[in-house]
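Please have a look at the sequence and the model before I go on.

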Amino acid sequence: MEKLLKLEITSPDRIMYSGMVSYVIAPAKMGEIEILFNHADLVSILGIGRIVVKDEKGEIIKYAASGGIIEVKKNTVSILAEEIEKSDEIDISAAEAKIAKANEDMKVSGNDKDELLTLIQEEKNKIKIANS
């Protein structure tokens, strides 16, 4: 019998996932990490990237994440995401429109360029996850 982890992914407005999983791949701030049964305890900042989950039925579920915190403790993984979308719920047209607007806003002086670049990175991540 496969050994499983308990996973809960939450965002400010809802619980995205709660259940048992074989593994979790997540974008830690310094790079992608894979969490398996008996992983060492850790707390890390969640970066922009993909979260991949293999649930107890063997189904692969993908999410686009933008910031937050991940904690692993005694085979329980808790992800508190600032923003997260399930791959099949991502609106690619809306993401492309946000990228276009951010690129236009970059041309206007006085706008926060770092904030716009982060927005572009987040929206490109969503498109990549939706198309994978």
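This is a predicted model: local features need pLDDT of at least 70, side-chain atom pairs count only at pLDDT 80 or more; totals for chains, interfaces and linings use all residues.

Elsewhere, salt bridges that share partners join E85, E123 and K126 into one network.

Staying with charged pairs for a moment, how many salt bridges does a search of the whole structure find? The search finds 6. One of them is between K101 and D105, whose closest N and O atoms are 2.9 Å apart, and these two residues both lie in helix 1, 4 residues apart, which is about one turn of the helix. D105 is partly exposed, with a relative accessible area of 21%. Another joins the side chains of E89 and R14, at 2.8 Å from N to O. This pair links distant parts of the chain, since E89 sits in the loop between strand 7 (84-86) and helix 1 (92-106), while R14 sits in the loop between strand 1 and strand 2, 75 residues apart. At 41% relative accessibility E89 counts as partly exposed, and R14, at 38%, counts as partly exposed too.

Now let us step back to the whole chain. The secondary structure comes to 2 helices and 7 strands, and, read along the sequence, the pattern is β-β-β-β-β-β-β-α-α. The C-alpha atoms fill a box of roughly 55 × 25 × 25 Å along the principal axes. Of the 132 residues in the chain, 38% are buried, and among contacts with a separation of 6 or more, residues 24 or more positions apart account for 51%.

Next comes the interior. In soluble globular proteins, nonpolar side chains tend to be buried together. Here the largest nonpolar core has 21 residues, and those with the most contacts inside it are L7, I9, I51, Y63 and I79. The elements that give two or more residues to this core are strand 1 (5-10), strand 2 (15-28), strand 4 (42-55), strand 5 (60-73) and strand 6. A second, separate core of 6 residues includes I99, A102, I120 and I127.

L46 and I127, by contrast, are 81 residues apart in sequence and 19 Å apart in space, C-alpha to C-alpha.

I would like to finish with strand 6, which covers residues 76-81. In a regular strand the side chains alternate between the two faces of the sheet. In strand 6, the covered face holds V77, I79 and A81, and the uncovered one holds T76, S78 and L80. Strand 6 pairs with strand 1 in the parallel sense over 5 bridges, and E8 stands opposite S78 there. With strand 5, strand 6 pairs in the antiparallel sense over 6 bridges, and the bridge partner of K73 is T76.

Where does the chain turn between these last two strands? Strand 5 and strand 6 form a hairpin with 2 residues between them, and K74 in the turn has a positive phi of about 50°. K74 counts as exposed because its relative accessibility is 68%. N38 also has a positive phi, of about 70°, although it is not a glycine; N38 lies in the loop between strand 3 (31-35) and strand 4, and at 55% relative accessibility it counts as exposed.

Let me return, lastly, to L80 on the uncovered face of strand 6. Together with V43 and I69, L80 forms a nonpolar patch on the surface, with about 290 Å² of accessible area together.

Notes. Residues are numbered from 1 along each chain as its sequence is written. Side-chain values use heavy atoms; hydrogens and water are left out. Patches are made of residues with over 30% relative accessible area and no salt bridge: like charges are joined within 9 Å, nonpolar side chains (Val, Leu, Ile, Met, Phe, Trp, Tyr) within 5 Å. Accessible areas come from the Shrake-Rupley method with a 1.4 Å probe; for residues, only the protein chains shown count as cover. A salt bridge is a side-chain nitrogen of Lys or Arg within 4 Å of a carboxyl oxygen of Asp or Glu. A nonpolar core is a set of buried Ala, Val, Leu, Ile, Met, Phe, Trp, Tyr and Cys residues joined through side-chain atoms within 4.5 Å. Buried means under 20% relative accessible area, exposed over 50%, partly exposed in between (1.4 Å probe, protein chains only). Two strands pair if DSSP finds at least two bridges between them. Contact means heavy atoms within 4.5 Å.
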